[in-house]
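Please look over the sequence and the 3D structure shown below. The briefing that follows covers helix packing and a pocket.

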Amino acid sequence: MDVRPIDGPGNGAGESDLRAVIRADGSADPDLDPKLPGERLAALVSAMLRTRRVDDRLAAMGADGRIGFLPRSVGREAAVIGTAAALDDGDWVFPTAHDWGLALHRGLSAEDFAHRVFGSARDALKGHDMPGGLSARRLRIASVSAPAGTHLPHAVGVAWAARQKGEPLVTSALFDAPEIDAADFHTGLNFAGVMKAPTVFVCRVRRGEPSAAEHAVAYGLEAARCDGSDLLAVIATVREAVERA
């Protein structure tokens, strides 16, 4: 599935099939709106804002030389929080280093994340991992992998194993368009198609970049595309993918 930030629904060549719930006047398309309760929607918007605030604060510390490395999450809030919101708490997520906002959404405190970034004595991993390279078994968030796309076959493997055990869970792998060129992108999709593994691939694509969804048919997978800056569109699209999975 592609989540592609655009200026509005149907803008640009090849963008007419993008799902977008929020219309130009700020209202929601009633035919596409997932119709979340007001409190739930407010909590998700708060999660997006919290991710942006934490990102800004830690980035300022990085600029001062107090943090050696922080993968920025700015601009990804709707895609990350929307994906997390469409999954159950028991579903495993295989993120990139930029997707730490989903951990805050799933219950990790900003304080604990700061200790992870600093690699302090209160860091659960004691600074033995890449700063900001978040993983949390209790939150069902897999370890971040530095090489491009290597987490995609891992997501499929966990989903396939769960299917063999009869466990009703879905895995989701988030990645970016440049990882389409990685061999493990094709390995993961091929594995998912052959094994019928309940995995949802979520690819963030910028204007002018290749679409991951175009590869789905080659591997026997369903595909959908939505506006990645539209929280409601991401939730609706990922929900449908989870139901299919």
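Predicted model: local features only at pLDDT ≥ 70, side-chain atom pairs only at ≥ 80, totals over all residues.

Is the crossing of H5 and H6 left-handed or right-handed? The crossing of these two helices is left-handed. Two packed helices are described by the angle between their axes and the distance between the axes.

**Helices H5 and H6**

- Helix H5 covers residues 151-165, and its axis lies 8 Å from that of H6, at an angle of about 15 degrees.
- Angles under 35 degrees count as roughly parallel, so H5 and H6 are roughly parallel to each other.
- On the H5 side, the contact is made by Leu152, Pro153, Val156, Gly157, Trp160 and Arg163.
- These residues meet Asp184, Phe185, Thr187, Gly188, Phe191, Ala192 and Met195 in H6.
- Sorted by class, the contact of H5 with H6 has 8 nonpolar, 3 polar and 2 charged residues.

**Helices H1 and H4**

- Helix H1 spans residues 38-63 and helix H4 spans residues 110-118; their axes come within 12 Å and cross at roughly 30 degrees.
- That angle makes H1 roughly parallel to H4.
- The crossing in which H1 passes H4 is right-handed.
- From H1, the residues Val54, Leu58 and Met61 take part, and they meet Ala110, Phe113, Val117 and Phe118 of H4.
- The contact of H1 with H4 has 7 nonpolar residues, with no polar and no charged ones.

**Helices H1 and H2**

- H1 also packs with helix H2 (residues 77-86), at an angle of about 135 degrees and with the axes 10 Å apart.
- H1 and H2 are therefore oblique to each other.
- H1 passes H2 in a crossing that is right-handed.
- H1 contributes Arg40, Leu44, Ala47, Met48, Thr51 and Arg52 to the contact, while H2 contributes Glu77, Ala78, Ile81 and Ala85.
- In the contact of H1 with H2, 6 residues are nonpolar, 1 is polar and 3 are charged.

**The largest pocket**

- The space in the largest pocket amounts to about 440 Å³.
- Its lining consists of 24 residues.
- Nearest the centre of the pocket lie Thr199, Val200, Phe201, Leu221 and Glu222.
- Three elements each supply at least two lining residues: helix H6 (183-195), strand S4 (199-204) and helix H7 (231-244).

How values were computed
Residues numbered from 1 in each chain as written. Heavy atoms only, no water. 1 Å grid on protein atoms, 1.4 Å probe; cavity = no way out; pocket = protein on both sides within 12 Å on 5 of 7 lines; lining within 4 Å. Points joined across faces, edges and corners; volume = space filled by probe spheres on them. Helix = DSSP H or I, 4+ residues; strand = E, 2+ residues; numbered from the N terminus. Axes fitted to C-alpha atoms, helices over the stretch in contact; angles between N-to-C directions. Parallel < 35°, antiparallel > 145°, perpendicular 65-115°, else oblique. Left-handed = near helix turned anticlockwise from the far one by under 90°. Contact = heavy atoms within 4.5 Å. Nonpolar A, V, L, I, M, F, W, Y, C, P; charged D, E, K, R; others polar.
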